[in-house]
Amino acid sequence: MTGEQGVIRTGEKTGMELIINHLTKTYGNKQALQDISFRVGEGIHGLLGPNGAGKTTLMRLLATLLEPTSGTVEIGGVTLKDKAQIRELVGYLPQEFAFYPGMTVVEAMDYLALLSGIAGRAERKRRIDNLLELVNLTEQRRTKVKALSGGMKRRLGVAQAMVHEPKLLIVDEPTAGLDPEERIRFRRLLSRFAEGRIVLLSTHVVEDVESTCEQMTVLHKGRLRYHGRIGDLTAAAAGRVWIAELDRVEWERDRDRFPVLSAVPEGRNMRVRVLADEQPYAGAQQTAPSIEDAYLHLMRREESFV
Amino acid sequence: MMALIGKEMRMTLRSLVFYLFIIASVFFYFTSYATEETWGELGSPVISTPQNVGTIEHPYYGWKQPADTRDLAEQMRKEMGWNLDAGTSQKIRLGFPFKVKLNEKEKTALSAAISQLDEVLKNPDKYTMDEVNTIAESVNNQLGGKSIYQQGLGEFGSAIETVDEAIKAQEADLARYNAKVNAGELLPGAARYFSDYLSLPAGIFPVFLSAFLLLRDRSSRMNELIYSRRISPWVYVGSKFIAQGVMLSMIYLILAVIGGWQTVDTLGLTGQTGQAIVIFLGYTAWWLLPTLWISVAFGMFGSMLFRRGIVPIALQIVWWFMSVLPLLGSYGLNRLFIRFNSPNDYELYWKWTDEIALNRSFYLILTVLLAAGAAWLWERNRSRLDSAKMLSRKTAKGSVAASAAEALR
């Protein structure tokens with residue numbers, strides 16, 4: 001599942017492909033990414049990992065904002081060294097971004113479309129109108145960017161990353177700050193955009209991955225910890241997720257014995273969900289792991305190894 | 001690229017610093033060039049009854065320039081004599097006059113020059129003014145340059161102490177003015193005067209805009225959105241450079257039109273407005289705009305090289321001070337702008353045209369090179385987001401480790 005030699009392949013689709021081969025990035029004597037290798041085909045691909053896992057570094061490398069210390073990357077057959085061509089292929093939504101002060105939504109989009117090489121004014125207008133409609137910002141087209149809410153700004157961020165119709169869309173925490181309705185709308189948008197393309201979705205929200213991705217990659221402390229189908233990850237946690245109902249005294253006494261996935265008060269009792277290799281409490285029952293359980297199970301195992 | 005230039009020009013219009021630049025330039029125009037003093041210097045001298053503005057014991061009717069070789073040689077000799085007696089002379093250092101002690105070699109040079117001037121004074125008609133000026137130039141070289149003996153830096157005029165002298169000086173002034181008008185040098189002289197004064201803001205204010213032009217991507221947190229796009233550095237930096245250069249040039253070209261029109265109008269030169277505007281635009285384009293464009297290019301290049309806007313601004317201020325003096329006659333390649341602080345002296349101007357042309361051509365070439373350098377550095381920095389973070393953290397907190405941790409996000 002992890003640490004395999006060479007490139008790990010998931011999905012057998014042909015067409016657009018992202019191939020990462022022994023990629024390493026160091027800052028001074030800190031290793032942000034260590035010998036990462038995997039291969040991604042068309043569709044939405046989740047990228048998960050705790051803070052400091054190296055997700056942002058990986059995305060910045062793919063967006064040519066950083067140069068690798070060693071290793072190679074190919075996007076649609078183009079190596080990372082051919083930056084001009086890579087920039088045509090890649091659309092990027094960073095986690096933190098802003099626009100020049102005073103720019104309106106449509107001005108910001110038009111400016112970035114020009115920088116993406118879309119020369120014709122009519123063509124830019126057509127694409128911008130379509131995208132603003134898709135991200136539900138048509139009414140705000142003349143609004144100053146600084147006056148947008150956090151959620152609107154993220155939607156604008158997604159739209160700008162799509163404006164030149166990239167073959168690889170890299171989105172870093174795109175749903176942060178979105179309300180549930182916007183989040184669902186956004187997932188639909190990504191799914192539609194991913195047809196014939198790769199979408200690399202980095203997120204802390206496991207639910208985003210669960211509802212949009214077929215495959216995922218987990219990074220931890222700069223290393224690749226998992227790359228494969230979501231079903232395989234949950235299968236690895238099967239038999240280790242337990243639910244139990246405990247009274248509060250018992251819960252206070254035993255709460256640190258096992259990794260807790262959730263704890264919900266129910267009257268005088270607590271309904272808990274824990275990770276354990278064997279039955280943790282009398283009366284505890286096994287349950288099917290969710291992707292979140294599986295992710296935490298993986299992280300827990302990593303922590304115990306490190 | 002044209003569309004991008006248009007966008008950048010519109011963005012310049014949103015900059016407060018741009019409007020401060022306009023205010024500063026207009027302020028310089030109205031307080032330095034378009035003044036009563038300038039119109040007095042440009043207008044025809046008036047023959048009137050001389051007025052003693054001194055005392056009965058020490059009458060003073062004004063100041064006169066040397067009328068002939070004798071006058072020039074006498075005044076020059078007096079100045080050299082004073083310097084030799086005091087053992088000091090004045091030099092310009094970083095734009096400011098300083099009294100410096102003369103060493104033995106310099107004193108010998110002054111003594112030799114005095115002997116030469118004594119020879120001239122024995123039979124002044126045998127010599128020309130230029131030959132006398134050459135003696136002063138030689139002393140200037142031996143004093144290490146930038147001394148009061150450099151043409152344009154020092155003057156060898158004298159006080160007018162009698163009515164007869166004053167009338168003669170007025171007649172000489174009028175004759176010089178008529179000769180200037182007949183030579184078609186009135187309007188070019190005014191245009192040179194205009195360019196001289198306006199070169200002062202042109203040599204300093206643009207850098208306050210340009211030094212932050214490329215850094216704004218980062219300060220606005222828009223850099224990742226821009227750097228990851230396919231735009232070539234030449235087009236991106238070039239469009240910003242051209243847009244800002246054009247916007248700033250427009251202000252000076254408009255002021256040139258106003259200057260030409262106002263000069264003709266104030267001096268009552270009927271029917272010469274068109275000609276004046278063409279001449280003012282010509283001098284502005286050739287003298288002022290290279291200064292302005294190099295300031296834009298220097299700010300952009302410096303900000304990319306040091307990744308700090310304040311560094312090119314500080315360097316430009318030093319460069320400006322080094323260029324501000326002398327008021328006439330020094331056009332080495334280190335001079336950021338052309339000083340010709342006189343509406344007259346057109347013979348001197350013609351003598352220095354080659355030097356001025358070389359200076360302006362050099363700055364045009366340097367402008368292109370610096371703009372290209374800025375584009376090259378921008379492209380280099382574009383894929384070094386980590387080093388940009390490193391640098392800013394290092395400066396802010398003196399800790400590289402902190403930036404590495406930040407970059408690990």
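Analyst: Among contacts in chain A between residues at least 6 apart in sequence, 67% join residues at least 24 apart; two residues are in contact if their C-beta atoms, placed from the backbone, lie within 7 Å. This is a predicted model, in which local features need pLDDT of at least 70 and side-chain atom pairs count only at pLDDT 80 or more, while totals for chains, interfaces and linings use all residues. Residues are numbered from 1 along each chain as its sequence is written, and chains are lettered from A in the order in which they are written.

Chain A has 10 helices and 14 strands (DSSP runs, H or I of at least four residues for helices and E of at least two for strands, numbered from the N terminus). Its C-alpha atoms fill a box of roughly 70 × 45 × 40 Å along the principal axes. Of its 306 residues, 44% count as buried, that is, with 20 or more other C-beta atoms within 10 Å of their own C-beta, placed from the backbone.

A:Ile170 is one of the residues with the most contacts inside the largest nonpolar core, which has 158 residues (a set of buried Ala, Val, Leu, Ile, Met, Phe, Trp, Tyr and Cys residues joined through C-beta atoms within 7 Å). Leaving aside neighbours within four places in sequence, A:Ile170 is in contact with residues including A:Met59, A:Val90 and A:Leu200.

Where the chains meet, 36 residues of chain A are in contact with 25 residues of chain B.

Notes: A residue is buried if 20 or more other C-beta atoms lie within 10 Å of its own, exposed if 12 or fewer, and partly exposed in between; C-beta atoms are placed from the backbone.
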